[in-house]
Amino acid sequence: MDLGIKGKVALVTASSSGMGRNIALALAAEGAHVVLFARSADKLQAVCREIEERHGVPATAVAGSLTEAADITRLASVLAGLSGPDIAVVVTGRPPNPLRDALEENELPRWDEAYQVQLRSVVQLVNGVVPAMVAKGWGRIVAVTSASAKQPMAKHALSTVFRAGVTAYMKTLANELGAHGVTVNCVAPALIDTSHRTGAAAYTPEQTARRQAMTPLGRMGTQDELCGVVAFLTSMQAGFVTGSTIAVEGGMVGALF
C-alpha cells in the first residue's frame, strides 16, 4: 500500500536508536524526508547515513533534548527551513529506574523527572510544531505511549500516570485540530521485542517467557509490527482516524474498548 507520504517532512523524536530509529526507517521507506531528533549527534548522523543509503531519501539530524525549550526552538527553526513538518511522531524516554510499587514512589524528584520526560516534553514539542501544520491545513501527530495507560501494570506508576496524561492531551488536541486538517492519535505498545537492548534493559530468557505468556498470540510483538501501525497513522489513508489510541500489545489488555 502506498501511504501517500512521499516527500512529506516527518519529525521523529528519540530517533538515534531503538523504537524511534525503527519508526524513522519505516517512514523513510515510504519516501518521507525524516528529521531525526535526539541527544546524541553522532548516533543521529549514523541513522541519517543509514536512511540515505537504504532508502535514497534525505534525512536531517538535529541534536537536542525534548526537555530543553531552546533545543525545541532550534528544532522548529530547522523544520521551518524545510517548509515545516507534515508529520510528527513523538517518542519519549523511559521513567527513572528502578521500577517500584506505587506506594513506594514517594520521592518527588522521581515524579518530577518522569513528568518532564514523558508529559511536559510532549506538550513543549507539540507547541513547537503544530502552528506549521495548521498553516498548511494538513498534518499527522502520533504519540507513542504505553498499554499501561489503559491497563495499569505493576511497578509502572510513573509511566502509567504520565502516559495517561499524554493520552488525554492528545485527545484534547484531536478535538481542537480536526478542523485544520490535522489528525492526532496515540499508539500504545506493550510486549514488543526489545532484543536490541543491552545491559540492564535487556530481558532475560525467563522474563521473555513470562511476557510471551501474557498475550493470546503467545509471542512478543516485533518492531516492524509496531512501526507499521505508526506509519499507517501518518498516512493519507488514516485521514479519518483521530483522537484514537491504537493498542499494539497482542491482546494483552482485557478491556473491550
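The residues lining the largest cavity divide into six nonpolar, one polar and four charged, where Ala, Val, Leu, Ile, Met, Phe, Trp, Tyr, Cys and Pro count as nonpolar, Asp, Glu, Lys and Arg as charged, and the others, Gly among them, as polar. The model is predicted, so that local features need pLDDT of at least 70 and side-chain atom pairs count only at pLDDT 80 or more, whereas totals for chains, interfaces and linings use all residues. Residues are numbered from 1 along each chain as its sequence is written, and side-chain values use heavy atoms, with hydrogens and water left out.

The lining is formed by Pro 95, Pro 96, Pro 98, Leu 99, Arg 100, Glu 105, Arg 110, Lys 155, His 156, Ala 157 and Leu 158. A cavity is a set of points on a 1 Å grid, over the protein atoms alone, where a 1.4 Å probe fits but cannot get out, and lining residues have an atom within 4 Å of a point. A search of the whole structure finds one cavity of 30 Å³ or more. The volume of the largest cavity is about 30 Å³, a volume being the space filled by probe spheres set on the points, which are joined across faces, edges and corners.

Arg 100, one of the lining residues, also forms a salt bridge with Glu 107, with the closest N and O atoms 3.1 Å apart. A salt bridge is a side-chain nitrogen of Lys or Arg within 4 Å of a carboxyl oxygen of Asp or Glu. Arg 100 is buried, at a relative accessible area of 18%, while Glu 107 is partly exposed, at 36%; buried means under 20% relative accessible area, exposed over 50%, and partly exposed in between (1.4 Å probe, protein chains only).

The count of salt bridges comes to eight. In one of them, Glu 50 pairs with Arg 21 at 2.7 Å between the closest N and O atoms. Glu 50 lies in helix α2 (residues 41-55) and Arg 21 in helix α1 (residues 18-29), so the pair ties together parts 29 residues apart in sequence. Helices (H or I, at least four residues) and strands (E, at least two) are DSSP runs, numbered from the N terminus. Arg 21 is partly exposed, with a relative accessible area of 23%. A network of salt bridges links Arg 21, Glu 50 and Arg 54.

A further salt bridge joins the side chains of Lys 136 and Asp 86 (2.7 Å, N to O). This pair links distant parts of the chain, 50 residues apart: Lys 136 belongs to helix α4 (residues 108-136) and Asp 86 to the loop between α3 (69-81) and β4 (87-90). Asp 86 is buried, with a relative accessible area of 7%, whereas Lys 136 is partly exposed, with 34%.

Technical notes:
1 Å grid on protein atoms, 1.4 Å probe; cavity = no way out; pocket = protein on both sides within 12 Å on 5 of 7 lines; lining within 4 Å.
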